[in-house]
Amino acid sequence: MRKPRVRRATVAAATVVGLAAVVSTGCGSDSGSGSGSDGGVTTLTFAASTFGDPGRGPQLQEWIDEFNASQDEIRVEAASVPYPTFGQTVLTQMGGGEGPDLVRFDMPEFEAASDAGLIAPLDDLIDVSEYDLLEQPDQFMVHDDVRHGIIFEASNYAMFYNADLIPEPPTTYDAFFETAQALTSGDVFGLAFRQTEAEEAGVWQDIFNYVYGFGGAWSDGENLTINSPENLEGLQAYKDLYDANVIPRGADAATFRRMFAEGKVAMELNNGGYATHLRAESPDLNFNVAPIPFPERSQGAILAPIVINEASSAKDEAATFIQWALEPENQVSLQEILGASSVATATERTPESLQELPFLPTFDELTDSSLPQIVLGFEAQTPDIRKIVVQNVIAALQGTVDLQTALDTAQEQATELVG
Amino acid sequence: MTVLEQTRAPRSEAARRRRSPLGSRWTPYVFLAPAAAFIILFQGVPLAQEIYLSFTRTSLLNPTRSTWVGLENYAHIFGDDDFRRTLRTTLVYVVACVAGSVGSGLLVALLLNRNFRGRGIARALVTVPWAAPGIAVALIATWMLNPQYGIVNRFLNAIGLGVPGGTILDSPTYALPAILVTTIWQLFPLTSVVLLSALQAVPKDLTEAATMDGAGRWWTFRAVTWQVIKPTVGLLALLMTIWSIRRFELIWLMTKGGPVGSTETLVIDLYAQAFDSKQLGTAAAIGMVGVVISLIVIAGSRLVARGAAKEGLR
Amino acid sequence: MNRLHIGLTLRIVAVLAVMGIAVFPLYWMFVTALSSDADLFASEARLWPDFSQFGVFVDALAEGETVRWLRNSLVIAVGTTAMSIGLGIPLGYALSRFSFRGKVLTTVVLLLTQMLPEALMVVPLFSLFNRFDLLDSLIGLILANSAFVLPIVALILKGAIDGIPRELEEAGRVDGARPLTMLVRINVPLIAPSIAAAAVIAFFHAWNEFVFAVTFIYAPETQPASVGIASFIGEVGTPVQTVMAVAFMFTLPAVAFYLFAQKYVVAGMTAGAVKG
């Protein structure tokens, strides 16, 4: 009597194991590293937070499709990493010896990753002397004579304003403040900027313009200067605008940019990438762009390098893609997609795009005075310093401490951190 | 399994049965083994790694290279004012979540524990929040709390209780209450469903008799109903405590722990340390503090339960 | 008589209020999805959906992505449910019916795992999954999620089996049935409601899970809905209506599944919870 029962149990167990095996082969995809090889075609994954932008994502996808169509040995696929956790996710994957083959980073994460040796040196993979790279942004791609990235997008900050509400843009900070105040009434706000902790990276980008625009800097290259008098002055200007209630407090960027598009926000400091987004989303909006009217002509720039993951098993193929991207005609089409941003090499603006975005020269003229949003001399620690600075500045906005104390605390905490 | 039984073949079937009422003494381990192997592999191994990490300095960017630092991470977090604030915030959050979810769940359960037309529909609809995914809840809650266009502010302004500037999630005063309300909104369906079932066990004739005798409703509740549902309430409170200590998505998506740390609980701090500051060692130490706190809560609840049982006997 | 009348009215108002509070945010998600830009950013709120905007749902579905996200989420949720129930029943049975060395330890360990936040485990699990080639696969997420819900599933089922009189099994044993047969033939049908309750918990956990999914998945083909929705939150702008439309479609299956399983869940949750 016992034997059949044992067998039944064994059969049941075997069935479960078998089912599990079937399910796993059915659902699992072969990954290993991000890249995979299938029938002679090497598949590369490319992670970029911009793929999610409604304005630019689909065009970037088409641009990549052009590469895929240009040859039949390599296929580049967009990896799916949502913007809100982009840095954390990609750095976790790369730290674990995995992750996408190609990554478009923002500067702070780029610096941290290259310092940790997670990014492949490009010197032996790509001969950059073949290309006419823009010098000002490109200098930040090289650390101690080792090249870690190529500029994918460089985008200067300027002042966007609603031309229906503001016929003549302000040219001084006082005029800027008065314009913001005069236009704020009812459900319309004169200005908008990021001021919530949930958007730490965004706040950092926004306060950067106030600090540099008032002659300040986060460091002198050797020591941190977070609480310098110039920084205090610049951040006081930022806080004064917050206190004056001329901005939609608590609104995140997604909301206040929709408000700008709806004519409910009159001015915004933003980078060139925003111009294409606005044109695509709100074709009827009458907006224009002018330099930021702060005492010093010095502002932030989004620099976004494209890099190759050190853990990638297909570095040569990844380099092939970057080389393709650097070819003049592909640079031009990338430039067209990115709009008022510039790319790695100098490209002519086409008459069509100049007609559509007449303010392009304004952006291009700012390139020499624009700086990447990192702490010079402490590049790799930028994300940590950013966190400390932003938390303390927000504490001052919220009125829990005064601004001077907040900056002193930030200076102290950051100095302790960098050792 | 077969092999084991064959080695025991000399023993008679009857003897085997006498020793254990349900098969050989290996039987429980056979039932246990698959799940145990699974849990050890996917929870035990990582946990052991985290315990080790908590005594090291390790970067997220290079997790395989660790420097042993002994108790430095623990000394660091306990010497940090911000961490003490985090512990306070966690305490407030957990206590309020437990009290709010069990309290509101009980009120709703009592309300729905009556016969009325449409009771089935009411019971079904009330449980909807529990089924809503956390990320969807965070998105709609954030939008409803939007300072300029959120329905909550419009409503509060209309009844004259508006917050100045409408900033709720952006205010150190109101952010935590707003997150608490959202959390409790998601939890009360679960507590009310469980308590509603517990209430079915309350003998109707007892409550009726008490009411007949002219006892007040409150007295009846305390003397009869509460005694029956007390163990369930205790268990729910324990589960809510443990789950609230580790709740992450809702808070992270709504405030990231801000503003000025006012919504930073242990898990938020842990995540920020691990993924923003890339300090896996510090993050692991924070995680261990959370685990120890949860263990204390469990041990404490056992003691309370045992004490209550003794009192019941007297 | 009059007092009774007031009490009744009050109770009806209270029931309606609770129902309103429970459902309103989902209703508002629906209304927001079906609002034009002008309505969304108007000074007065529009309280009812504008069905002329229904295209937002059609567009979201036509993209193909949404359907794929929901399908992946479904595979993960069903797989996790099956896996945790399959392993949880024998575990719960062992804890309920046998006394053995290490039983207390097992119970404590099960409770302990309920306290571990996902965020703590991401990095070690990542390297473990990397070694086993489980990254970027739905199976990997099923395993990770199962490990997190299995303990609570097992505890609920243990509570339910505790409630089954041993006499029922005694009868089975006289017939010479072995433990596994008895478990399947006698206990499983009797604890069906608790299995349903545990299944709902496992399903929701896996359906909603975000932290593992966002870190372990690279390819768009394997991305579940929780990550998909997050990918709408952009650097330059977030399309509120689309996000709400997708979030609403993401919420509906979970709610529907719950309403379907509801009557079992209520019974099962009690059996598990009360005896704990």
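Val267(B), Leu270(B), Tyr271(B) and Ala274(B) of helix α14(B) meet Ala119(C), Leu120(C) and Val123(C) of helix α6(C). This contact of α14(B) with α6(C) is made up of seven nonpolar residues, with no polar and no charged ones. The model is a predicted one, and its scores are ipTM 0.86 and pTM 0.86.

Two packed helices are described by the angle between their axes and the distance between the axes. For α14(B) and α6(C) the angle is about 30 degrees, and the axes are 9 Å apart. Because angles under 35 degrees count as roughly parallel, α14(B) and α6(C) are roughly parallel to each other.

Chain C contains 13 helices and zero strands. Its C-alpha trace spans about 75 × 70 × 30 Å along the principal axes. Of the 276 residues of chain C, 56% count as buried. Among contacts in chain C between residues at least 6 apart in sequence, 77% join residues that are at least 24 apart.

Confidence in chain C can be stated for the chain and for its elements. The mean pLDDT of chain C is 85, and 94% of its residues reach 70 or more. Among the elements of the chain, α8(C), residues 166-174, has the lowest mean pLDDT, at 74, while α4(C) has the highest, at 93.

In the contact between the two chains, 72 residues of chain C touch 66 residues of chain B. The elements giving two or more residues to this side of chain C include α1 (2-33), α4 (65-97), α6 (118-131) and α13 (240-275) of chain C. Of these, α13(C) gives the most, with 16 residues. By class, the side of chain C that touches chain B has 57 nonpolar, 11 polar and four charged residues.

### Chain B and its contact with chain A

The contact of chain B with chain A takes 23 residues from chain B and 26 residues from chain A. On the side of chain B that touches chain A there are nine nonpolar, 11 polar and three charged residues.

| Residue | Phi | Loop in chain B |
|---|---|---|
| Val260(B) | about 50 degrees | between α13 (249-254) and α14 |

Val260(B) counts as buried because it has 22 C-beta neighbours inside 10 Å. Lys278(B) is likewise buried, with 23 other C-beta atoms within 10 Å.

### Helices α3 and α4 of chain A

Helix α3(A), residues 86-95, is mostly covered, since 10 of its 10 residues are buried. Among these buried residues are Phe86(A), Val90(A), Leu91(A) and Met94(A). The cover comes from three chains: it includes β2 (41-48), β4 (102-104) and α4 (107-115) of chain A, α14 (266-276) of chain B, and α6 and α11 (211-216) of chain C. After α3(A) comes Gly97(A), with a positive phi near 75 degrees.

Helix α4(A) is largely enclosed by the rest of the structure, because eight of its nine residues are buried. Met107(A), Pro108(A), Glu109(A), Phe110(A), Glu111(A), Ala112(A), Ala113(A) and Ser114(A) are the buried residues. They pack against α3, β5 (142-143), β11 (299-308), β12 (370-372) and α15 (382-397) of chain A. The helix is followed by Gly117(A), whose phi is positive, near 75 degrees.

### The two domains of chain A

The domain assignment divides chain A into domain 1 (36-154 + 302-356) and domain 2 (157-298 + 375-418). The C-alpha centres of these domains lie 28 Å apart. Their contact takes 16 residues from domain 1 and 14 residues from domain 2. On the domain 1 side, α4(A) gives the most, with five residues. That side divides into six nonpolar, three polar and seven charged residues.

How values were computed: Residues are numbered from 1 along each chain as its sequence is written. Chains are lettered from A and ligands numbered from 1 in the order in which they are written. This is a predicted model: local features need pLDDT of at least 70, side-chain atom pairs count only at pLDDT 80 or more; totals for chains, interfaces and linings use all residues. Two residues are in contact if their C-beta atoms, placed from the backbone, lie within 7 Å. Helices (H or I, at least four residues) and strands (E, at least two) are DSSP runs, numbered from the N terminus. Ala, Val, Leu, Ile, Met, Phe, Trp, Tyr, Cys and Pro count as nonpolar, Asp, Glu, Lys and Arg as charged, and the others, Gly among them, as polar. A residue is buried if 20 or more other C-beta atoms lie within 10 Å of its own, exposed if 12 or fewer, and partly exposed in between; C-beta atoms are placed from the backbone. pLDDT is the predictor's confidence in each residue, from 0 to 100. Axes are lines fitted to C-alpha atoms, for helices over the stretch in contact, and angles run from 0 to 180 degrees between N-to-C directions. Angles under 35 degrees count as roughly parallel, over 145 as roughly antiparallel, 65 to 115 as roughly perpendicular and the rest as oblique. Domain bounds come from an automatic or database domain assignment.
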